[in-house]
Amino acid sequence: MGVSHDQVHSTRVVVLVGLMGSGKSSVGRRLAQSMRLDFYDTDEMVASATKKSVRELFAEGESVFRSHERDALVDALERASKGSGVVATGGGVVTVPQNVADIQSHASAVVWLDADVEELVARTSSGTHRPLLDGGARGKLEEMHRERRSLYESLATLRVSTKGRSIASITELIATQLGSVA
Ligand code: S3P
């Protein structure tokens with residue numbers, strides 16, 4: 001990636017990570033508004049670059065989706081590093097080591113939205129656009145919770161428990177922690 005460290009430190013790049021249903025896109029959009037930063041959502045970027053849904057890409061193979069997701073992440077980090085921005089990632093972005101390295105080298109803050117399985121089940125129950133939850137959302141979310149928790153934990157510079165908090169209050173908490181006015 002072609003962004004120097006000087007640029008990174010004079011800008012504000014906030015990356016949101018966490019499991020699917022933890023609220024990254026909703027919080028990210030709101031946080032960007034309140035901090036007057038640009039907003040990037042890697043799932044949306046993948047969909048608009050490929051003109052395909054996440055489900056269609058997964059039907060071609062998870063590696064196909066991950067490769068587009070990586071391109072979107074690199075693009076989002078580079079663009080955010082040139083100005084300033086909030087980047088909402090897909091829950092599985094941390095499963096690719098090079099993604100983790102790029103987030104670490106570009107982000108001024110990595111915020112982990114830490115939600116428990118009950119919340120995640122409730123928040124993902126209405127949509128059908130998440131192919132990894134086919135065949136039993138609860139079991140799949142429990143498995144991802146176990147497998148990915150330590151990845152989010154080691155990458156995060158700020159952990160926010162989402163339990164019992166609205167999107168608005170999570171956003172406000174993050175903005176306050178990051179030293180801005182919500
Ligand atoms: C995924 C999370 C999804 C999306 C895809 C795979 C994952 O994003 O990228 O379905 O592996 O956890 P959200 O976390 O925004 O739902």
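**Entry 1: ground rules.** I worked on a predicted model in which local features need pLDDT of at least 70 and side-chain atom pairs count only at pLDDT 80 or more, while totals for chains, interfaces and linings use all residues. I number residues from 1 along each chain as its sequence is written, and side-chain values use heavy atoms, with hydrogens and water left out.

**Entry 2: the shell around the ligand.** I looked up which residues surround the ligand and found 14, the closest being Lys-24, Asp-43, Arg-66, Arg-130 and Arg-148. By class, the shell divides into five nonpolar, three polar and six charged residues.

Entry 3: I then checked contacts to oxygen atoms of the ligand. Asp-43 has a polar side-chain atom 2.7 Å from a ligand oxygen. Arg-130 also places a polar side-chain atom by a ligand oxygen, at 2.8 Å. Gly-91 uses a backbone N or O atom, 2.9 Å from an oxygen of the ligand. A polar contact is a pair of N or O atoms within 3.5 Å; within protein, one must be able to donate a hydrogen and the other to accept it, and residues adjacent in sequence count only if both atoms are side-chain atoms.

**Entry 4: cover and elements.** The ligand taken alone exposes 390 Å², and the protein buries 95% of that. Areas are from the Shrake-Rupley method with a 1.4 Å probe; for residues, only the protein chains shown count as cover. Helix H4 (54–59) and helix H5 (62–82) are the elements that give two or more residues to the shell around the ligand. H5 gives the most, with three residues. Helices (H or I, at least four residues) and strands (E, at least two) are DSSP runs, numbered from the N terminus.

Entry 5: Buried means under 20% relative accessible area, exposed over 50%, and partly exposed in between (1.4 Å probe, protein chains only). A polar atom of the Ser-81 side chain lies 2.6 Å from the backbone oxygen of Leu-77. Ala-72 is buried too, with a relative accessible area of 7%. From Ala-72 to Phe-39 I read 33 residues in sequence and 13 Å in space, C-alpha to C-alpha.

**Entry 6: positive phi in loops.** Arg-36 has a phi near 55 degrees, a positive value in a residue other than glycine. Arg-36 lies in the loop between helix H2 (24–35) and strand E2 (38–41), and counts as exposed at 77% relative accessibility. Lys-51 is not a glycine either, yet has a positive phi of about 60 degrees. Lys-51 sits in the loop between helix H3 (42–50) and H4, and is exposed with a relative accessible area of 70%.

**Entry 7: Gly-139.** I found Gly-139 in helix H8 (residues 137–155). Gly-139 counts as partly exposed because its relative accessibility is 39%. Gly-139 and Val-121 are 18 residues apart in sequence, and their C-alpha atoms are 9.6 Å apart.

Notes:
Near = heavy atom within 4 Å. Nonpolar A, V, L, I, M, F, W, Y, C, P; charged D, E, K, R; others polar.
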